[in-house]
Each structure stands twice: as structure tokens, then as C-alpha cells.
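Here is a short briefing on the structure shown below. Read it with the coordinates open.

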Amino acid sequence: MRQITPVQAPATVHGSTTSAGRFPNTGGAHSFERPSRPSRIVPASLWELGGSALAALALVWVIFSVSGNSGRSALFGLFVSWFLTFLTVYGVLCWRLHGVLAMKDRLATVAIWSGALVALAPLVAVILFVVFQGAPVVFARFPHFLYADMSKVGGESPVTAVGVGPAIVGTVEQVGLAALFTVPLGVLTATYLVDSRGLFSRVVGSVVDAMTGAPAIIAAVFVYLLWVAPLKHSGKSGFAAALALSVMMLPVVTRASQEVIAVVPSSLREAALALGAPRWRVILRVVLPTARAGLSTAVILGVARIAGETAPVLFAAGGSVYYNWNPFSGQQDNLPLRIFELINQGSANITREAWGVSFVLVVLVLGLFVLARIAGRSRAGGRARPWQRRRATGVRA
Amino acid sequence: MTTAAPPRPAPVATDEDRPITVRAVETGADRLFRRVLAASSAVVLLLLAATTLFLIVKGWPAMRAAGFHFFTDTVWAPDNHHFGVAPLLVGSVAIALVAVAIAVPVSLATALMINEYAPVWLRPWLTSIVDLLATIPSIVYGFWGFEVLSGLQVAPARWIVHNFGFVPLLRSPSAGYFGQSVFATSIVCALTIVPIITSISREVMTQAPRDACEAALGLGGTRWGMLTDVVLPFSRGGIVGGVLLGIGRGLGETMIVVLVLSSAKRLTPSLLGPNGLGSVAKEITENFSDGSTIEKSALILAGLALFATTLAVNAIARLIVARTGVRTR
């Protein structure tokens, strides 16, 4: 009786593999050794794929040359018809050769890969386009482009004096001010939302949720009505732009911090409370330091998102071709705003400069994104635990 | 502890196995801290209330001037006292819906591709790329749409009008022209929506129970069978939420619409050409600063309608996504 178990067990495994192993491409005796993969690529399946594609192309080509369509719109029609015909031919082929289940699986594989290609190709194309159009503009007059102002640009004259210095100053100051306003507020609100379960907290939670995707133009109109219009001529300033950006940024930062704070282990919190620490100390000395890495990721991503907003700064910052270091008085420039203004100027060589500004903006956002990733990675290293951090800094010092 | 019983009075000993309620002693500092937290949370509420209030107060003159025609008039021409918000609002909604209709299939395909079809070493890279694409500013997408895509989509649009022009939606409002249309705008908006839907639905799909997936494969199911019978039913809620978030994003899109769309603010059913429907965000951006008082007021009212729609869509979307327990940004 004792020997039956080890002998019978492999037999059942073999039996079940045989009954389940009806995948067309993995037949043969060797399929018992390794688990059968329904998706393994074998030469035969590639031949079927390529053959169907060629057959469909030939068929569609004949139809289109007989019907006499030509030109770019016909090319698009040719492509669509080819793809549909290819799916039909390939489907029928797989159905006859391998059965209806295999046909569905193969068709779905083709559809999913082509769908992903359709989605990712234009997105990657946008980035490549910005790089290849923008980088030459920036690097043609390399340091000059980054610090010069726009005061010598005008008319149809060749553009040699374009620079984004004022725009970079404006973006950094406005986004910095907005972060200064919203990060403490957002983190405190998030702490409150995680900590208390009352009606008020639930209402605030859903308002934050709803405001996260509020249209940017509404924030612009709101700050215009609240701040810019009552102040008349001195209304447009970097500070007003920072206000408009804060309206956009506060829900984003709150929402992201809430998710980070919520995953702080409750055992840490309870241990601190059990040791007799008052609530405020628990939050300030245990919860927030533990969530530090995640919080910095959340804040940096919020900043990256806000740095590219155009509509809120459109009515509030006003734009300026000169340097203005003071965000509290006078109009200020801003990177997305500068792109918009350059596009609106209309002449071709100035539009080309807008690609340069776009390149600077994309590099800025990309840098922030990478920074956020690096900040988030330190969470895995366990550095975020407050007591370890205390000891580590002591050793280093 | 039973040994602790003797010093206590008798009534406590009878219900000693019932848990006792421990009430935390809240010090003055605690109470103050709690007040500070509550006050800072109130700022968000204040922001919403102030925004709504300002929009209502400043939009009221137009409401009084236009009355019920605000919703029934099919023309937006504030100088002639035609405040029909319909062409603008319908345009905004149409752009969002068409964009989502384009974005949903390809986003789901991308999410499935990243999760199930791509080589394992490639998956974290693809996930990062999708997240990165979501942070690219929309003015960059809008600029690309204005410079490149608006021209590229003319050929497909012409082909669609030639072959399917019998459907009212698939015509051009001004015959023979196919650029700068609602359709072109929607394609560019779809580019900004794809990363959102992809990243949310991908995360929901990751949470599908792996043992059920393996069981489906072990019973002899194909990969597609596993996806349709395990992964997709499990993640349906999250996908719906992601789609609604995409609609919210499309409704609020400003710069893309300003740069790509050319509108005549008329209520027409055709989407494949210029001079058709308008958009609330575009109208505000272009005509708010130098408009007359009554026009400003009407624009604010249109903005209020857009604001309310977007808030409702977003709140519902977040509610649905929150139920699936997925982190969103």
C-alpha cells in the first residue's frame, strides 16, 4: 500500500496531460516532459501568418487596381481592406487546420498586438517628433537658447534671438509657489482623510476625487474672476498663475498622498500609540516619515503634471518677452504659454522655434518623472523606516 | 487575566469575557492638531464652493438675458444675443465620446499585451513608458496634432466620407474640406486618454486571481479563453471606471481643442470637417479676455455646465475604480 502512492501519482499527471494536451502546435511525445504552452511560436504558425498576409494583399491589390482607385485616400482604404481580408483569410485557415478554439485564440493574438501597436506608435511618434524637431533648434544656439529672452523677436525677420530664459524662470517660480501652497495642505488633508471616518471626511474625499479631473480652463476662469479682474492692470502676475496652478494641483497631491499614507502599516501606528505617544506625534514622527519616499514621488509627479498646464496660466500669467524675476508684480512668462504664443504667431520659422520650447518642456517633465521613480525606489530599500534612518544618519555623521 | 479579578468589584467579574471599551485620552494638543487637519481639508470644499459660486454669480446676467433659450437655441453668437450653449456643449461631449471610442479598444489591447503577451523582461519597461506618456503635457500633443496629424488624417477622412457618407455623422460640415474637424481633434485627445485607460485597466487586470488563470489554462483553455472567462470578467468594473475617467479627461481638454479644431459654433451632426460644432473650453480660451460683459457672462455659464458635467463623470468614475481597490493618480 505504501508503494502505490509514489507510483500512481506520476501516472495521473501523465494521464491528465494527455487529455488536456490537445493544442495543435505542441503535439508529439516530448510534450510530456515540459508543460505545454498554447502560445509557443513554431515555424508552421509563422508560415500560416505570413501566407495569409500575402494572400490577402494580393487579393486586395487586384480588386483595387481593377476598380481604378488611386491616391492617398485609396492607400488608406487599401490598408483597411487588406487588414480585414487578412483577418478573414487567417481565421478561415486556422479554423480548417486547428479548430474553432485555436482560430479565436490566434485572431485575438493578432488583434491585440496590432491594437497595441496602433496605440503606442503615435505616442512614441509624438516624442520622437518633438526630439527631432526640437533638439536641432535648441542645440543650434545651445546655451543661448536657454537663457536669452524674446525681446528681439518680431515680424518676418529671421529668428536668431529667440530664447526661453524668461519662460524657464516663470515656470520654475510659478510651479514652485504652487507646490509651496499645495503640498502642506494636500498632505495634511490626506492625513485627515486616512485617519478619520466621519461624514465630513467622506464628503471631502469625494470632492477631492471629483476635482482631480476638473477642466483646467475652469481653474483659469476662477482665478481670473477672483484675482485678476478685480486688480485690473496689476492683476496678471506669476502669483496669480501660481494660484491657478494650485487649484489644479491641490486635489492631485491630496489624492496621491492619501494613497501613499493609507498603505503605512497600521502595526507601526498602533505600536506608537500603545507606547503612549499622542496622536499628533504619531502622525508627525511615525506615519509621515514612513511614507516619505512615496510622498516625494506623489509630489514630484504632481509637479510634473502641473508644469505642463497651459490653460490656467493663460489668463493669469499674461506672458512676457523680458525677464521678470519677481512673481508678485508684473506679467510673467511660462513654458507652455510660450509654446502657445509662438504657435499663434503664425509664421513658419517662429513655429519651428516652438518645437524647441516643447523640447525643453518635455525634457523638464521627463527629468521630473525619472526623479520621481528614483525617489520611489528608495522605498524598497527600507530606508524609509524612521528608527533605521536615525541610526544610519548617526553612523554617517 | 483571571488573577486580576479579586481586587475588582463583583459586577465586573460577571462580564469579564466581554471586551472592554478603551477610550483614548485626547490631550489639548491632539484636539488642536485634529482641528488643523480638518481646517486644511475644508480648503478643498471651500475651493469647490467658491468656484461654483463665482461661476453662478458671474453667469447670472446671461441666464437672465437668454432665459430658457440658453439650452434650446442652436446658435452661439453672443454679439447677436444668441446664447445657445448646445453647439458648444454637444461639441465638447462629442469630442470626448469619439476620443474614448477610439481609445478604448486600443487601450485594452495595450493593457492585455503588456500583461499577458509581451515578454516578461519587457513588461516593466512598457508600464513605465505608458506612465511617462500620461505625464507629457497636452499642449505638446496638441501641437503635434496641429502640425502633423491634422494633415495626415485628411486622406482617411476623405475615404470614409466617400464610402460611408450616407451616415449623417460621417460627413463634413463644409463639403470638400476634411481637416481641423471634430474627428481630428478626437484622435489627438485619444492620444492623451490612451495612457490613462491603459494604466488603470492594466492594474486591475494584474489583480485577477492568478490561480484561476492557471486553472483555466490547465483545463485546456486557450489564452484567449483564459482572458475572456477569467481576466476580463474580473476586471470589468475597473475598466468601466477607467473609461469614465477618460471621458472626464476628454471633456476638460483645452489646448488640443484650441489648436486643432476649427468651429463655426453651429449644431450640425457631421463630424468629419471644419466649421461644425464648437467646444466650451476652446470658446472660453479664445474669446473670454476680450469679450463684452454679456459674452463673458454667457461663457462663464457654459463653463459652469461643463464643470458640473465633468465633476459628475469623475465622481462616478472614481467611485467605481475605488471599489476595485486600484491605485490611481
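Chain A has 16 helices and zero strands; helices (H or I, at least four residues) and strands (E, at least two) are DSSP runs, numbered from the N terminus. This is a predicted model: local features need pLDDT of at least 70, side-chain atom pairs count only at pLDDT 80 or more, and totals for chains, interfaces and linings use all residues. Residues are numbered from 1 along each chain as its sequence is written, while chains are lettered from A and ligands numbered from 1 in the order in which they are written.

**Chain A overall**
- Chain A has 397 residues, and 41% of them count as buried. Buried means 20 or more other C-beta atoms within 10 Å of the residue's own, exposed means 12 or fewer, and partly exposed lies in between, with C-beta atoms placed from the backbone.
- Take the contacts in chain A between residues at least 6 apart in sequence: 69% join residues at least 24 apart. A contact needs C-beta atoms, placed from the backbone, within 7 Å.

**Confidence**
- The mean pLDDT of chain A is 80, and 80% of the residues score at least 70. pLDDT is the predictor's confidence in each residue, from 0 to 100.

**A:Gly376**
- A:Gly376 sits in helix α15 (residues 348-377) of chain A.
- A:Gly376 is partly exposed because 18 other C-beta atoms lie within 10 Å.
- Leaving out residues up to four places away in sequence, A:Gly376 touches A:Ala293, A:Gly294 and A:Thr297.
- A:Thr297 is 79 residues away along the chain, yet the two C-alpha atoms are separated by 5.5 Å.

**Contact between chains A and B**
- Chain A puts 80 residues into the contact, and chain B puts in 76.
- On the chain B side, helix α2 (residues 28-66) gives the most, with 16 residues.
- That side of chain B divides into 48 nonpolar, 20 polar and eight charged residues. Ala, Val, Leu, Ile, Met, Phe, Trp, Tyr, Cys and Pro count as nonpolar, Asp, Glu, Lys and Arg as charged, and the others, Gly among them, as polar.

Note on methods:
Contact = placed C-beta atoms within 7 Å.
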